[in-house]
Amino acid sequence: MTTLAAAALHVRLGTKNVLQGVSATFAPGEVTAIIGPNGAGKSTLLACLAGLRRPDTGTVKLGDQMLSGLAPRTRAQHIGFLPQIPEVAWAVDVRTLVGLGRTPFIGARGLSAADATAVDEALSLTATTDLAHRNVATLSGGERTRVLLARALAGAPQWLLADEPLAGLDPGHQLDAAVLLRRLARQNGCGIIITLHDLHMALRAADRILVLAGGRILADGAPAQALSPAVLAAAYGIRAHIGSGVGGPVIEILERGPP
Amino acid sequence: MKVMPRPALIVILLAALIVLSVISLSAGKIWVPWSAWTSAGHDTRWVIIFELRLPRTILAIATGVALGMSGAALQGYTRNPLADPGVLGISTMASLGAVLTLYLSYFGAMGGATWLLPVGAMAGAIIGVVTLIMLAGAASSMLTFILAGVVLNMVSGAGVALALSLAPSPWAVNEIINWLMGSLADRSMEEVRFALPFIAAGCAFLVVASRALDALTLGETGARSLGIRLETTRFLLAVGVGLATGASVAVTGVIGFVGLVTPHLMRPLVGARPGALLIPSALAGAVVVLVADIAVRLTPSVTEVKLGVAMAALGGPFFLMLLISERRRLA
């Protein structure tokens, strides 16, 4: 199986160094959560990994190929990307929207039977089959988030990179989405990289947590190891207690300040 | 409104076009009955049909197709339902290009070559689209695009006004103004031969871009993540809209609002997917221009009302309605 590997990524936006030497290798079959304070460079890192932003220096490789050397269509067949604030410009129906996820596969003759099957599958994975004929403009925020996740899954990508995919979902649907991501990693061998703000979700949903702060990796590893009180203090400037709950570790955020 | 199967919609539009074409060939100050159609040259009315009304009808359809499709493509690319070649200043840029060549040929600089005017118009239109894309920049939000269009309209309008004020003779002024108002009257097959290939080529470029326009529904990042090369899309759009709009402005002058109105009429029928909108929009554009041109011909007035003026009179209120319904989204 191919890996997705970033090596020494540097990105400068104006006068700000957004990424300062980020290196990480991602394995398929794993859910990685990138966490960190606002402005830490999470979205920029994700965009670099998706091949949507070229780092100033450093490389991203898919398997043994440079991501920047792949044709956009080929890259899009392997890597699905879900932006943080997904735009839906026109009031299309849900099925049409999810069908857009097949764009990297569509030939001159339009959507094939295989494309239709993939769309059906994406709809059923995200439990949005009932919404298929609804207009996107009439969906609730949570329904919209799930439909957009279905759009990203319609390409059956080997890698799914999603920027804040759980934001705006109620706890029930957050859990559904987390379970779905895990299942995609376990059963389909997808590599999944998401950015998150919710530390609890990161602890529960991810196999690996990457803590980013000030454009540098602060911690990287299994959730319980990566999220130590010291790391949380350094990354967010909060004092936190990590204890054990019924289903695993829980984080109690106490106050601002170092531990 | 209910979404219609696209083939059915296209067939209906084509049928409407055929019926309207027959009416367009028959209608005017002199009504030509069917019997005159087959008289092959013996009847003077045969001349009216084939020398006067046939080129006019073909040009009405071609211009409608060009403007309808350009409007749909621009709206798709900008994700802005208010975009159209007229609103965004592309038509005015085409006029500026054409007026400058009228000028050159007046001074005999280019030996009064007839091919110069369409080339000038198309060059103006292409420069217009490219400027628009550059002005709107990477963060091409709805607002920046419209503002870029306002700037383009102002600058090219000023250029046209300057050309008029510096015109060497009242006849030149008259000629330019007449042409600017947009009309299909007294066109010949020569203009048809000139405009048609470029309009066809322009539309072909736009149809190639339809998949990218679909993907742009998800925004620029979304489209890029789906493997769309936006540089290619921009190239197709600039050349496609430039050729189609430029060629139609070159032969008919400025006919506004077609590109704005027709995508709106078709959008609910095709289910809003921008790529699916192109061809229905083009056909509906042809229907709109043909109907307007027939109406203009049948209006009892001493001199014929200019088509461009008639379209503006119809399109203005429509644009106003649209603006009121869009106000909430823009605010």
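His133(A) counts as exposed because it has 10 C-beta neighbours inside 10 Å; a residue is buried if 20 or more other C-beta atoms lie within 10 Å of its own, exposed if 12 or fewer, and partly exposed in between, with C-beta atoms placed from the backbone. The structure is a predicted model, in which local features need pLDDT of at least 70 and side-chain atom pairs count only at pLDDT 80 or more, while totals for chains, interfaces and linings use all residues. Residues are numbered from 1 along each chain as its sequence is written, and chains are lettered from A and ligands numbered from 1 in the order in which they are written.

His133(A) is located in the loop between helix 4 (113–125) and helix 5 (141–153) of chain A. Helices (H or I, at least four residues) and strands (E, at least two) are DSSP runs, numbered from the N terminus. Leaving aside residues up to four places away in sequence, His133(A) touches Asp93(A) and Arg95(A); two residues are in contact if their C-beta atoms, placed from the backbone, lie within 7 Å. Between His133(A) and Thr44(A) the C-alpha to C-alpha distance is 35 Å, at 89 residues apart in sequence.

In chain A, strand 1 (residues 4–13) is joined to strand 2 (residues 16–26) by 8 bridges, and these strands run antiparallel. Two strands pair if DSSP finds at least two bridges between them. Strands 1 and 2 of chain A form a hairpin with 2 residues between them, and Gly14(A) in the turn has a positive phi of about 65 degrees. Leu9(A) stands opposite Val22(A) in strand 2 of chain A. Strand 1 of chain A also pairs with strand 4 (residues 57–62) of chain A, in the antiparallel sense and over 5 bridges. The bridge partner of Leu4(A) in strand 4 of chain A is Leu62(A).

Chain A also contains an open sheet of 6 strands in the order 6-7-8-3-9-10, with mixed pairing. Its edge strands, each pairing on one side only, are strand 6 (79–82) and strand 10 (216–221) of chain A. Strand 7 (residues 159–163) and strand 8 (residues 191–195) of chain A run parallel and are joined by 5 bridges. Asp163(A) stands opposite Thr195(A) in strand 8 of chain A. Helix 1 (residues 42–49) of chain A packs on the sheet, touching strand 3 (31–35), strand 7, strand 8 and strand 9 (208–213) of chain A, and its direction makes about 155 degrees with that of strand 8 of chain A. Axes are lines fitted to C-alpha atoms, for helices over the stretch in contact, and angles run from 0 to 180 degrees between N-to-C directions.

The secondary structure of chain B comprises 13 helices and 0 strands. Its radius of gyration is 20 Å, close to the 20 Å that the globule rule gives for 331 residues, so chain B is as compact as a globular protein of that length. This radius is taken over C-alpha atoms, and the rule is 2.2 Å times the number of residues to the power 0.38. Buried residues make up 51% of the 331 residues in chain B.

The contact between the chains takes 21 residues from chain A and 19 residues from chain B. Helix 2 (residues 72–78) of chain A gives the most to the side of chain A that touches chain B, with 4 residues.
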